[in-house]
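Here is a walk through one protein chain, from its overall make-up down to a handful of residues. Have the structure open as you read.

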Amino acid sequence: MSQTEKKKKAILATTFVLLNNKEIKNITVDEIADKAVVSKVTLFKYYKNKNHLMNVVIMNALKNMLVEVESIIDSNLDFEDTYHAITAMKLKQLERYSATFNQNLMVQYSESPDFFDADAINAQLQIYDGLFEKGRVEGRISPAITKNDFMFIIKIFIEGMKGLPAALLFQKADLITRFFINGFK
């Protein structure tokens with residue numbers, strides 16, 4: 001592993017640990033650089049700013065989730081079971097991290113305008129495209145609802161959830177799932 005890769009890895013690992021233990025607003029670039037044993041100049045060589053670094057670390061944590069979601073969609077589960085499995089898997093993934101990390105994730109998700117880069121957005125759209133196709137084939141999504149309509153509703157869901165506390169979303173996951181599944185019939 002090159003020195004560059006070692007430094008990047010140290011920065012990412014340090015930031016991940018801090019995100020699990022402190023609120024983003026209380027994490028400083030100086031602290032990250034100090035604990036990663038790199039200079040601030042080095043840190044800014046790889047990451048535009050603190051916000052960019054936070055986004056990269058959180059998105060790395062979510063990449064595993066994306067792989068699991070894709071395998072669920074490609075499974076033999078029907079539309080409803082697929083959606084339930086995706087929701088359960090997301091909740092289980094979030095349980096793997098500390099409450100502080102999850103809160104930081106929600107803060108970044110709701111407050112960082114550049115949290116989802118083009119690749120992350122495209123990956124999400126592909127997942128929902130697969131879910132739409134599965135629902136349409138099974139007759140679980142009305143023929144009156146176009147793929148554009150479906151994606152519009154998904155966007156409303158995503159945007160609407162940004163302003164809600166994570167604890168409330170976890171508590172209401174089953175209600176949201178039932179509404180989502182039954183609303184497309």
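Helices here are DSSP runs of at least four residues, numbered from the N terminus. With that numbering in hand, Lys-48 sits in the loop that joins helix H3 (40-46) to H4. One thing to keep in mind throughout is that this is a predicted model.

**The chain as a whole**

So what is the chain built from? The secondary structure comes to 10 helices and 0 strands. Read from the N terminus, the order of elements is simply α-α-α-α-α-α-α-α-α-α. The C-alpha trace spans about 55 × 35 × 25 Å along its principal axes. Of the 185 residues, 39% are buried. The chain exposes about 10,500 Å², and carbon and sulfur atoms supply 56% of that area. As for contacts with a separation of 6 or more, 66% of them come from residues 24 or more positions apart.

**Where H1 meets H4**

Two packed helices are described by the angle between their axes and the distance between the axes. For helix H1 (residues 3-21) and helix H4 (residues 50-73), the axes come within 10 Å and cross at roughly 85°. An angle of 65 to 115 degrees counts as roughly perpendicular, and H1 and H4 are therefore roughly perpendicular to each other.

Which residues make the contact? On the H1 side they are Ile-11, Leu-12, Thr-15, Phe-16 and Leu-19, and they meet Leu-53, Met-54, Val-56, Val-57, Ile-58 and Asn-60 from H4. Sorted by class, this contact has 9 nonpolar residues, 2 polar ones and no charged ones.

**The core**

The largest nonpolar core has 49 residues, and those with the most contacts inside it are Ile-11, Leu-19, Ile-32, Leu-131, Phe-150 and Phe-180. Which helix gives the most to this core? That's H4, with 11 residues. Two residues on that list, Ile-11 and Leu-19, also turn up in the H1 contact with H4.

Setting aside neighbours within four places in sequence, Phe-150 is in contact with Tyr-128, Leu-131, Phe-132, Ile-141, Ile-145, Phe-180 and Phe-184. Both Leu-131 and Phe-180 are again on the list of residues with the most contacts in the core.

Now for some individual residues, starting with the lysines. Lys-90 is found in helix H5 (residues 79-95). Is Lys-90 exposed or partly exposed? At 31% relative accessibility, Lys-90 counts as partly exposed. Not counting residues up to four places away in sequence, Lys-90 touches Met-65 and Tyr-128; Tyr-128 is also among the contacts of Phe-150. Lys-155 lies in helix H8 (residues 147-161), and its relative accessible area of 53% makes Lys-155 exposed.

| Pair | Apart in sequence | C-alpha to C-alpha distance |
|---|---|---|
| Lys-48 and Gln-126 | 78 residues | 28 Å |
| Lys-90 and Phe-170 | 80 residues | 10.0 Å |
| Lys-155 and Ile-181 | 26 residues | 15 Å |

Finally, the backbone. Most residues other than glycine have a negative phi. Val-37 is not a glycine, yet has a positive phi of about 60°. Where is Val-37? Val-37 is placed in the loop between helix H2 (29-36) and H3, and with 72% relative accessibility Val-37 counts as exposed.

Conventions:
Residues numbered from 1 in each chain as written. Predicted model: local features only at pLDDT ≥ 70, side-chain atom pairs only at ≥ 80, totals over all residues. Heavy atoms only, no water. Axes fitted to C-alpha atoms, helices over the stretch in contact; angles between N-to-C directions. Helix = DSSP H or I, 4+ residues; strand = E, 2+ residues; numbered from the N terminus. Parallel < 35°, antiparallel > 145°, perpendicular 65-115°, else oblique. Contact = heavy atoms within 4.5 Å. Nonpolar A, V, L, I, M, F, W, Y, C, P; charged D, E, K, R; others polar. Buried < 20%, exposed > 50% of the residue type's maximum accessible area, 1.4 Å probe, protein only. Areas by Shrake-Rupley, 256 points an atom, 1.4 Å probe, with all protein chains shown as cover. Core = buried A, V, L, I, M, F, W, Y, C linked by side-chain atoms within 4.5 Å.
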